[in-house]
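Dear colleague,

Please find the structure below.

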Amino acid sequence: MKIKKKLTFGVGLLFCLIILLAGVSMWYINELKRDTNNILTANYNTMEYSRNMLLALDEMKDNPKAVSKFGSNLEKQLHNMTERNEDNVTLDIAENFEKLKVDMTNDTIQGYIRTDIAKLMELNMGAIEQKSEIANNTAEAAIVWIVVTGALCFLIAFGLLIKLPNNIAKPIRELTESIRQIANQNYSQRVHFEGHNEYGDLAKSFNTMAEKLEEYSSSRLEKILKEKKRVETLINNMHDPVIGLDENKIILFVNDEALKITGLTRAEIINKSVVDIAVSNDLIRTLIVDIIKPLKETDKKTPLKIYTDNKESYFEKEIINIEVTPTGEERSELIGYVILLKNITPFKELDSAKTNFIATISHELKTPISSIKMSTQLLEHLETGKLNDEQKQLVESIKDDSSRLLKITGELLNMSQVETGNIQLNIQATDPRIILQYAIDTTKIQADQKHVVLQSDIEEDIPFVHADAEKTAWVMTNFLTNAIRYSIEKSEVIISLKKHPEGVLFSVRDTGKGIDGRYKKKIFERYFQVPGSSKSGTGLGLAISKEFIETQGGSIDVETAQGMGSTFFFVLPSVIEK
C-alpha cells in the first residue's frame, strides 16, 4: 500500500471513530435530557401546584385572596394532567372547590379536597420514582456504550500510533544512515525496503545511485593514484624546499631539497608530528614557529641562514594556509599548511656585491670630493688671487656641487654599513638638548637663507637618553634639512623635546605641503622619493634614519596630511636614575 493511502486510511479511521464516539455520546445525552424534562414539566409542576393549593386552602378562612390563589393553581393543574387517573382526581378537586366557594366554612368539603390533593401528589410521586428509574437505566446504558466505544477508539488509535509512525520513520532512519555511509565514501552501502510504496521506489533510486558512485570511484581510483604520483614528482623536482602538514601538524609530504637541509630521511619525517621532530631538530623548530606562535611582521621578513651544499645559503620562508570550503557549507576550514623555503642566496650574493661596490666607490670618491671642496675654499682666499664675478659664480657652483656629492657619498657609506650590519654605535647616556642644539646649529645657515624660523619647544626636566649622540644628531639634522627644504619662505619649523611613556620624544614639525597618505608607509624605504618632490637627494636619508634609531632600540614614524605639513618624530629610551 502506498504511504499516502496508509496515512489517508489511518487519519480517516481516526476521524470516523471520533464521529462515532461523539454520536453515541450525543444520542444518550439527548435521551437523558428527554427523561429529565418529562419529570420536570409533568410531575414536578403538579407537585408544585398541589403544594400551593394546600397552602391556599389553609389561608381561606383568614385571607380572601386565598380563593383566587387556589383557583389559579387549579387552573394550571387542569392543563398539566399527564399521568393515569390524574384527570379524575383533578376534576374531583375542581368539583369540590366549586362547592367550597358556596360554603367557605364547610370543613367536610375541605377534607375531601385535601384528600384528593394528597392522592394527586401521591400519584405524581410514584410517577417521579418510575421516571427516575428509567433515567438511571438510560445513564447506565450511556456509560456502557460510551466506555465500549471509547475503548474501541483508543485501541484502534493506539495501534495506529505504534505502527504508523514506525512504519514511516524506520525507513527514513535507514535511508539517513545509508546516506551518511555514502558521504563517508562507503559506496557499497545499499538499502532494502519491502513493498511497492514510495519507499520502495526511493530505495531503488538510491541503490542505483550508490552503484554508479561505486563504479565511478573504482574507475577513477587509478587516475587519482596517477595524479598523486605526478604531484609528488613535481614537488620532489622543485629546487626550493617544501614541507606539507595536515591540520593536526602531521607531515604529509616533503621533497628532497627539504630533506637535504634538515638532515633527516623520509622515513624519519613522513606521517610524524612536526612538533615531536622539532624537539630534536633546530631547523624544523625554526620553520614551524610561525605555525605554533605567529611572529611579528618584521621577524617574518628576516631571511633564514642555513648551511647547505658546503656553504651558507639564505632562504625566505613562506607558510601557506590551505583552506577549503566543504560541499554544502558556507565557511571554509583549515586542512593543512605548506612550508615553502625560497632560495634567495643568488640575490643575497648580488646584493652583497652591490653593497660592497657602493661602499668602495663611495669611499674612493669621498677623498677627491673633499679635495675639490678644499680647493674651492683656497680659490676664495685673496692670497691665491682675486676672482672676477664670473669666476666667483663658478667657484660657488663647484662648492655647492661638491657639498652635495659629499653628502650623497656619506649617505651611501652609511647605507652600506646598515646593509652589511657593520654599524658601530657608541651608546651612552646623552643629554637630548645637546643633540637638538647641534642639529639646529648645523642647519641654521640653510634656514636663514630661506627665512625659516627654527622654534624650539623643550619640556622641563627632560631626562638623558641611551643613544649614540653622533648618529642621533645626524637623524635630527636630516629631519631639519627636509623640513626647511619643503617649507615655504618666512615660515616656522618647530623642534620639540617631550617626555614619552617609552622615553624621550624628538620631533620636527613643518608647515609644508605634507605627504599624500598613499606614500606614508613607503617614505622610510630605501631609494623612495615622493612623486613630485625635489629629486636632489638619494632617497636614503629617511631609510638610514630608521636604521639608526631602531638599532638604538627606539622607534620612528611620521604624522602628515596633504596640505597640513608633516611631523617627523622618533622616541629613544631614557636613562633610569638609580
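At what angle do the axes of helix 2 and helix 3 cross? The axes of helix 2 (residues 65–78) and helix 3 (residues 86–102) cross at roughly 155° and come within 10 Å. Axes are lines fitted to C-alpha atoms, for helices over the stretch in contact, and angles run from 0 to 180 degrees between N-to-C directions. Helix 2 is therefore roughly antiparallel to helix 3 (angles over 145 degrees count as such). Helices (H or I, at least four residues) and strands (E, at least two) are DSSP runs, numbered from the N terminus.

This is a predicted model, in which local features need pLDDT of at least 70 and side-chain atom pairs count only at pLDDT 80 or more, while totals for chains, interfaces and linings use all residues. Residues are numbered from 1 along each chain as its sequence is written, and side-chain values use heavy atoms, with hydrogens and water left out.

In the contact between the two helices (heavy atoms within 4.5 Å), residues of helix 2 including F70 and L74 meet residues of helix 3 including L91 and F97.

There is also an open sheet of 5 strands, in the order 7-9-10-12-11, with mixed pairing (two strands pair if DSSP finds at least two bridges between them). Strand 7 (453–458) and strand 11 (555–560) each have a single partner strand, so one side of each lacks a neighbour in the sheet. Strand 10 (residues 503–509) and strand 12 (residues 566–572) pair in the antiparallel sense over 6 bridges; F570 in strand 12 is the bridge partner of F506.

Yours sincerely

How values were computed
Angles under 35 degrees count as roughly parallel, over 145 as roughly antiparallel, 65 to 115 as roughly perpendicular and the rest as oblique.
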